[in-house]
Structures are given as structure tokens and as C-alpha cells.
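Colleague: Hi! Could you walk me through this one?
Modeller: Happy to, here it comes.

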Amino acid sequence: MAAPSPTSASELPRATSPGGDGDAPAGPVVLFDGVCNLCSAWVRFVVDRDPAGRFRFASLQSPLGRRLLGVHGLAVPEGDPSSIVLLEGGRVYQQSSAVLRVWAQLASPLRWLSVLRLVPRPLRDLVYRFVARNRYRWFGKAEACLVPTPELRARFLD
């Protein structure tokens, strides 16, 4: 997925599907790069700090992830996806806005990191894109998407 320009909105109103057939699952959904080791570790981090099971997950490479991107008017990545996407309350959050919004809702002492929302989004997203460009080199890339344990399977939509 091409990274949006620094001036593009990271929060977009949700596009409704034709006929309003309810393509979007209930509750917040995190779309992530399923073969990125950093992204998979971040998903496990979120799962460990979300005991209520509020967040659901789907890989951007999955048919469901691709469909949800399309339903929300986002381009389906042709190569390696470069952004975590949060679908919540009829809105789309990308890049640093998605990460910080998730952190703010976790049962963790790290939730205070959401104060980074005070940093201007273009600057936050610049740092986000730098890490995204280098994540495979720094953290590696899996041969296949993250496979959840049987206990966590209900949290994964694909």
C-alpha cells in the first residue's frame, strides 16, 4: 500500500458498501501486514494487553483484509503493505494515528504513550513511514501470515 503523503488525512469517513450489507465486523478491527515480524509482534502485544478481547485482527494480505480496505475506499496494496489500519466507529485510522488510538484503549501502563497524539500527525507519520520502510530489514519477514493459537482464533477474522 502506498504511503499517503504527509498532508493526506489519516482519518477518513467510512465508505458504506452498496446495499448496506454490513461488510464491516462489529467492534474495532486492526488490519496489519501478516508477514511482517514487527507487525505480528505488535499484534501479540495488543492481544496480551486487551483482556476484554475488544480488538479483532485481519491481515492486509487476506481476502477479508482486502475486502475491508475496498469497502472503506482504501487502495489494496499490490506489494508489501506499509500501514497498520484501524477500522473503528465508522472511521479509518492509518499509520501513527491507528497505533496511538489502539494504545489509548489498552489495559496497560503503556497507554500513556497515546499522549504522542499531541505531536503533529505529519511528523508522527514521517517516523512511522521510516520504520515501515525498514521493518523487514530490521525485524525480518515471515514466509507466511501469522497463525493465531487456538485460544486466540476467535480474535482473528481471517
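Colleague: How many disulfides does the structure hold?
Modeller: Zero disulfides, a disulfide being a pair of cysteine sulfur atoms within 2.5 Å. This is a predicted model, where local features need pLDDT of at least 70 and side-chain atom pairs count only at pLDDT 80 or more, while totals for chains, interfaces and linings use all residues. Residues are numbered from 1 along each chain as its sequence is written, and side-chain values use heavy atoms, leaving out hydrogens and water.

Colleague: Is Cys36 buried or exposed?
Modeller: Cys36 has 0% relative accessibility, so it counts as buried (under 20% relative accessible area; exposed is over 50%, partly exposed in between, with a 1.4 Å probe and protein chains only). Cys39 is buried too, at 8%.

Colleague: New topic: which residues have the most contacts inside the largest nonpolar core?
Modeller: Val30, Trp42, Phe55, Phe57 and Val102, in a core of 23 residues. Such a core is a set of buried Ala, Val, Leu, Ile, Met, Phe, Trp, Tyr and Cys residues joined through side-chain atoms within 4.5 Å.

Colleague: What else is there besides that core?
Modeller: A second, separate core has eleven residues, including Val29, Leu60, Leu64 and Val85.

Colleague: And what is Val30 in contact with?
Modeller: Leaving aside neighbours within four places in sequence, the contacts of Val30 (heavy atoms within 4.5 Å) include Trp42, Phe55, Ile84 and Val102.
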